[in-house]
Amino acid sequence: MSNLVVMTASDYSDGSVEQRSFDSLDTQLKIVGCKTEEEIISAAQGAIGILITYTPIGKAAFDALDDLRIIVRCGIGVDNIDLSSAKEHGIKVCNVPDYCLDEVADHAFALLLALERRLLVQNQDIRQGVWKGISRVKEIRGLQNSVLGIVGFGQIGRKLALRAKPFGMKLVAYDPYVTQADADKYDVTLLPLPELLHVSDFVSLHPPLTAENKHFINSVTLTKMKSSAYLINTSRGPLVDRVALLDALREGRIAGAGLDVVEDDLAGTLELSKLDNVINTPHTAWYSQNSFNLLRQKSAEEIARFLRGEPLLHPLV
């Protein structure tokens with residue numbers, strides 16, 4: 001009997017790239033569309049592995065799926081997977097932490113540049129037949145000697161630093177897991193979070209989402225930022241209290257925001273998108289044709305390694 005691997009997002013991939021990893025194995029790849037845990041339970045009966053994107057999965061599924069041995073998150077963040085419950089059930093969980101690093105860093109810096117140069121409102125004016133010239137862009141200060149605060153100085157945060165440095169920006173970061181010796185390699189100064197928020201002209205978020213840091217950008221921490229500062233988030237929406245951010249933006253307590261991710265996705269974005277000091281993109285920072293194919297390949301290869309009895313590259317439990 002062949003092994004069954006279920007991919008839970010039929011709108012995400014046709015399975016052609018993933019299937020290549022299983023061609024030499026006695027494995028059936030089943031592609032389904034699952035938006036809920038209940039749908040996963042129904043679709044993945046008998047499956048030894050699951051390739052999952054954003055659908056939540058936890059104890060109920062692990063109790064119901066007796067044959068399940070491995071889950072691979074097709075992406076970096078694993079906040080949709082109950083890791084402690086997976087460990088209790090003896091289910092391996094892996095992610096793909098080494099794709100789209102350049103794409104996200106590019107996207108974060110593109111949002112920074114668009115906010116600083118006020119590109120969105122200038123383009124809107126032109127589309128409406130209005131030529132306002134510099135009267136529309138008096139807030140532009142120039143990037144030379146401005147301060148970029150990077151929250152989460154992992155692989156993406158470091159690539160962002162490399163992009164900002166040639167523009168003459170001063171770089172600071174907050175990350176309790178990074179030493180100053182590591183930060184020195186990028187000419188970055190580590191600061192406590194309150195101090196980083198206080199001195200930064202741009203704050204870019206790059207930590208993973210955990211139970212501890214949900215809404216760590218909130219009504220209190222937003223008051224630490226300059227009224228002229230911009231917030232950029234290309235990591236996870238729930239890092240930011242959306243209501244508190246909306247209030248701060250409306251009241252001019254910060255200058256603007258560039259958001260690729262927002263809590264509650266489109267529903268959460270609607271009010272923010274009405275503000276001319278906000279740029280929204282629909283969680284596309286990770287994407288390029290190259291990164292998408294790399295993600296599909298790496299996700300499937302991790303399950304293939306498991307089926308061959310080989311060491312996993314990125315096990316989380």
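Author: Helix H5 (101-116), helix H6 (119-127) and strand S12 (278-280) each supply at least two lining residues of the largest cavity, and H6 gives the most, with 3 residues. Helices (H or I, at least four residues) and strands (E, at least two) are DSSP runs, numbered from the N terminus. This is a predicted model, where local features need pLDDT of at least 70, side-chain atom pairs count only at pLDDT 80 or more, and totals for chains, interfaces and linings use all residues. Residues are numbered from 1 along each chain as its sequence is written, and side-chain values use heavy atoms, with hydrogens and water left out.

A cavity here is a set of points, on a 1 Å grid over the protein atoms alone, where a 1.4 Å probe fits but cannot get out; lining residues have an atom within 4 Å of a point. Grid points are joined across faces, edges and corners, and a volume is the space filled by probe spheres set on the points. The largest cavity has a volume of about 50 Å³. Its lining includes Ala-114, Leu-115, Arg-118, Leu-119, Asp-276 and Val-278. By class, this lining divides into 7 nonpolar, 1 polar and 2 charged residues.

Now for the rings. Rings of Phe, Tyr and Trp (its six-membered ring) pair if their centres lie within 6.5 Å, with planes under 30 degrees apart called stacked, over 60 edge-to-face and the rest tilted. The count is 8 aromatic pairs. One of them is Phe-153 with Tyr-186, edge-to-face at 5.5 Å centre to centre and 90° between the planes. Phe-153 lies in the loop between strand S6 (147-151) and helix H7 (155-164) and Tyr-186 in the loop between helix H8 (180-184) and strand S8 (189-190), so the pair ties together parts 33 residues apart in sequence. Phe-153 is buried, at 0% relative accessibility, whereas Tyr-186, at 24%, is partly exposed (buried means under 20% relative accessible area, exposed over 50%, partly exposed in between, with a 1.4 Å probe and protein chains only).

Methods: 1 Å grid on protein atoms, 1.4 Å probe; cavity = no way out; pocket = protein on both sides within 12 Å on 5 of 7 lines; lining within 4 Å. Nonpolar A, V, L, I, M, F, W, Y, C, P; charged D, E, K, R; others polar.
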